[in-house]
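This report looks at how the chains of a predicted model meet one another. Please keep the sequence and the structure in view while reading.

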Amino acid sequence: MSVANALFYLLAALTVVAAAGVVLLRNPIANVLSLLFAFFCLATIYLLAGFQFLAATQILVYAGAIMVLFLFVIMLLNLAPGPKAPKLEEVGLPMFLRRKSGVTVVIAAALLLLGASAILGTQSTGVEAAGAMPREGIDAIRPTPGTNDGLAAEMFGRYLLPFEAVSMLLLATAVAVVVLAKRNRPGDRSA
Amino acid sequence: MNDFAAKVGLTGEQLEHLLAILVRNTVILIGIISVAAVMTLVERKVSAWMQFRHGPNRVGPWGLLQPLADGVKFIFKEVVVPNGANKALYVLAPALAAVPAMMTIAVIPFANDVVLFGKNWGPLVVADIDIGILYLLAIGSMSVYGVILAGWASNSKYSLLGGLRASAQMISYELSMILAILAVVAMAGSINLREIVESQAHGGSIADWNFWKQPLACFLLLVASFAETNRHPFDFAECEPELVAGFNTEYSAMKWAIFFIGEYSAMAVMSSLSVILFFGGWSIPFLPDAPWYLGFAAFLAKTSVYLFLFVWVRWTLPRFRFDQLMRIGWKVMLPLALVNLLATGAWLTFFGPPGAP
Amino acid sequence: MVIVKRKELSLSERLYVPEIVRGLSITFRKMFEKKITRQYPEEPLVKTEVTRGQPRLVVKDDGAIACVSCGLCEAACPAYAITIDGGETDRPIEREPKRFDIDMLRCILCGFCEEACPKDAIFMSDELELADYSRQALVYDIEKLKRPAAAMRRRIEYVNRINDRWRDAPRPPMLVGRDAPHGAHAHSPAAAAQRPHAS
């Protein structure tokens, strides 16, 4: 295993841990900071893979602007740590079996499958098309040198389908957030 | 040396290369901290002169050792952590404020290829990477975390307000700053800082400096860098009459000093960036083939002028009001930067890049 | 009520930049002007006769101090800085202080002791510097307080001159108590002058 590969697995693990921290920690500021840490790990992974431009953009846009905005909002609202999440027994399994939830689960699973198949499919054909040896870990996605042009060509050529799948995921997340954050006013039947 | 290299399993050339990197990085890191220290003295001296005073002149000749005395004082002072503060973040915040400024210095090219002991050691820059400006902006945008977390973790309303103001201000002016820089990048056709300098240096005359081609962008970047570094006239993060001292109200001793090392380092980086983008970096007018040390001296001289400008403006202008700051940022700076970028793009489209025959 | 009209700003003033440049040029020019700070330890303070420094006991030409330990200064001192133990002496003045301490850390340099002294024994000198390593060292006794009259001449002459001015001034009529015109309830000299022989 090369040094780059070892670093990649370390960073990947750290990213997952930080991402879990975003969901599991109950102090909003800690959530934001672990998300920030996850972004940094991701940016380093991009760097390892040779996408300098992408790494810089990741930090500039996400860590530098969006997360600051998050922090800003949290501080303005002065959020206290949230209540404990209800345990599965309290909610009951039927929540997942209700009709509306069922539709959601099906759509989410379909999106996940679509994204996964897009990534997996593209990768195998891509590697075969390049006529390269099967590569492991970070080496598998290392692009040809020439960072910015190479990035554009890869993103809007070979990886177009995964790219669009990810944007679908973002869209779905945005819709979900709107639904979750929507207040139920009296007389409002939709929910 | 070759024997030692063989022992650690490297060739002599590799070891030499490694040592060169180590020396260069150490020198530059120590250099930036010294600049921060000297700037504290310059700030006090210049402010004193502008107010008919002498400034510090007790420690060493002309007070030159004052930063050293201050440093010793800060180290020996007591660190007070306020009640109810988030201790981890409180300790982390000064580092978060200072480290980005020191990281960004890595991509600043100070001089052309260094020739020493009859060998070319490459340009005087820690990391000559292709995405220089992007890296600088990306890491530079991190420094807002130090300020905002310091404000939040202190558990004090003054600190919190200072931190919120600083973050709002930095986000607002980052846009104009990046757009102003983009115009230069479009002209130079590169985001590698060394290449941008070389695009201004090849002719060997002042006329090649980007300042003459992009005066508006230069001005916008200047104003934006005042705002980005929380300096007068935009220093709302530490607006004394309203917020005691802003985000660093609750800080003491070395933690407090680190904020200022960060501020002055950021100033040095912004000055270097402006010099590189608009005033030809290390190039000396009419001396296109000057040796690297002259170029380095020229770079330092130009940067010093810029740094002096920072101090000069601070002790001349009154502070804006916060709504004025936001009005200038969004209603004046941003449209101007957009128009400038648009005009630059149109010019490049119709007349081609400036260097083309 | 005052209505302040806002000044109508011209275009160049509203653009900020020309005005900023003007301000910058002013501060730049002022940088090279003469500094007004006095470099204190090297450049001594200008001391005049009205300089009211630390109190000192004047040593007369015969080598003794004039104090008779009457305690008036002790009583006048608002900071309770003066402590006097009196005693007898064979000198013609018959009494002299056995102990005369001024705690310089308490002294507020008000000069009441100088005003109170009936024997012109204590005067405010022009010494202003006061520093030591312990509090006890700053409680000055007679020996530390002694200062030759020659060194205090300017202050002594000044105080005498001021006192002479009061001595020569016509004494204002006392309007309460014994001297007041009988039955009159005048409260000011002007009122008293208007009705000198009321009743």
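## A salt bridge between chains C and B

Glu42(C) forms a salt bridge with Arg58(B), with 3.0 Å between the closest N and O atoms; the term stands for a side-chain nitrogen of Lys or Arg within 4 Å of a carboxyl oxygen of Asp or Glu. The count of salt bridges between chain C and chain B is one. On the side of chain C that touches chain B there are eight nonpolar, five polar and five charged residues, where Ala, Val, Leu, Ile, Met, Phe, Trp, Tyr, Cys and Pro count as nonpolar, Asp, Glu, Lys and Arg as charged, and the others, Gly among them, as polar.

## Basis of the model

The model is predicted, and local features need pLDDT of at least 70, side-chain atom pairs count only at pLDDT 80 or more, and totals for chains, interfaces and linings use all residues. Residues are numbered from 1 along each chain as its sequence is written, chains are lettered from A in the order in which they are written, and side-chain values use heavy atoms, leaving out hydrogens and water.

## Extent of the C–B interface

Contact (heavy atoms within 4.5 Å) links 18 residues of chain C with 18 residues of chain B. The buried area, meaning the accessible area (1.4 Å probe) that two parts lose on being put together, summed over both, is about 1600 Å² here, and carbon and sulfur atoms give 70% of it. In chain C, Leu24(C), Met31(C) and Lys35(C) lose the most area to chain B, together 34% of what that side buries.

## The A–B interface

Between chain A and chain B the area buried is about 1900 Å², with 83% from carbon and sulfur atoms, and the count of salt bridges is zero.
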